[in-house]
Amino acid sequence: MDFSLRKGGYGLDNNTYIHILTDTLVKKNNLLDELLQITLMQEEYISSTPPDMDSMENSLTEKGQLIDKIVSLDNGFEKIYEHVKDEIISQKIKHKDDIIALQELIKQITEKSTKLQALEMRNKNKMDIIFLKKENEIKEFKKSNKTATSYYNNMMNIQQGESYFIDKK
């Protein structure tokens, strides 16, 4: 989607650019659907007992790729919008249907983005709880290990001390 946006670029007229804007938003909308599905799956991975961290990690990679695509679409959208913004504003009546379609897509994208943020926050909170539990387990293990080592060392000192006294008698 790297169009030359200078006047006379590829001979594309403003209507074509407006349709490209619409197509870009449709693609972004579809990518957000995919992100929502992956985020819902992540919720399942986190909620399973024990949490499925391998699948969680794979899904993070997948999400990263989708986010990169969305960023690319956003950048292209901004460039094209800057090119046709004046046309859209000055010719509102001529582009009324296109404007309504763009507004509807933006509304859908905003709703999905909000839902995605809420899911992400919920998943983050669940992950924080998992990490806190693991951290406490590790602390408890270290404490138990230290206690066992201390006990072992004390027992070794007592046994060595007794044998020393026994040998001296």
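Reader: What should I know about the model before I start?

Author: The model is predicted, so local features need pLDDT of at least 70 and side-chain atom pairs count only at pLDDT 80 or more, while totals for chains, interfaces and linings use all residues. Residues are numbered from 1 along each chain as its sequence is written, and side-chain values use heavy atoms, with hydrogens and water left out.

Reader: What is a nonpolar core, and which residues touch the most other members of the largest one?

Author: A nonpolar core is a set of buried Ala, Val, Leu, Ile, Met, Phe, Trp, Tyr and Cys residues joined through side-chain atoms within 4.5 Å. Buried means under 20% relative accessible area, exposed over 50%, and partly exposed in between (1.4 Å probe, protein chains only). Here the largest core has 23 residues, and L21, L25, L32, L35, V84 and I88 touch the most other members.

Reader: Which helix gives the most to this core?

Author: Helices are DSSP runs (H or I, at least four residues), numbered from the N terminus. α1 (14-47), α2 (53-90) and α3 (96-168) each supply at least two residues, and α1 gives the most, with ten. A second, separate core of five residues includes Y45, I46, M127 and I130.

Reader: How many aromatic pairs are there?

Author: Rings of Phe, Tyr and Trp (its six-membered ring) pair if their centres lie within 6.5 Å; planes under 30 degrees apart count as stacked, over 60 as edge-to-face and the rest as tilted. The count is one: F77 and Y81 are stacked, 6.3 Å centre to centre with 0° between the planes. Both lie in α2, four residues apart.

Reader: Is F77 buried or exposed?

Author: F77 counts as buried because its relative accessibility is 17%, whereas Y81, at 29%, is partly exposed.
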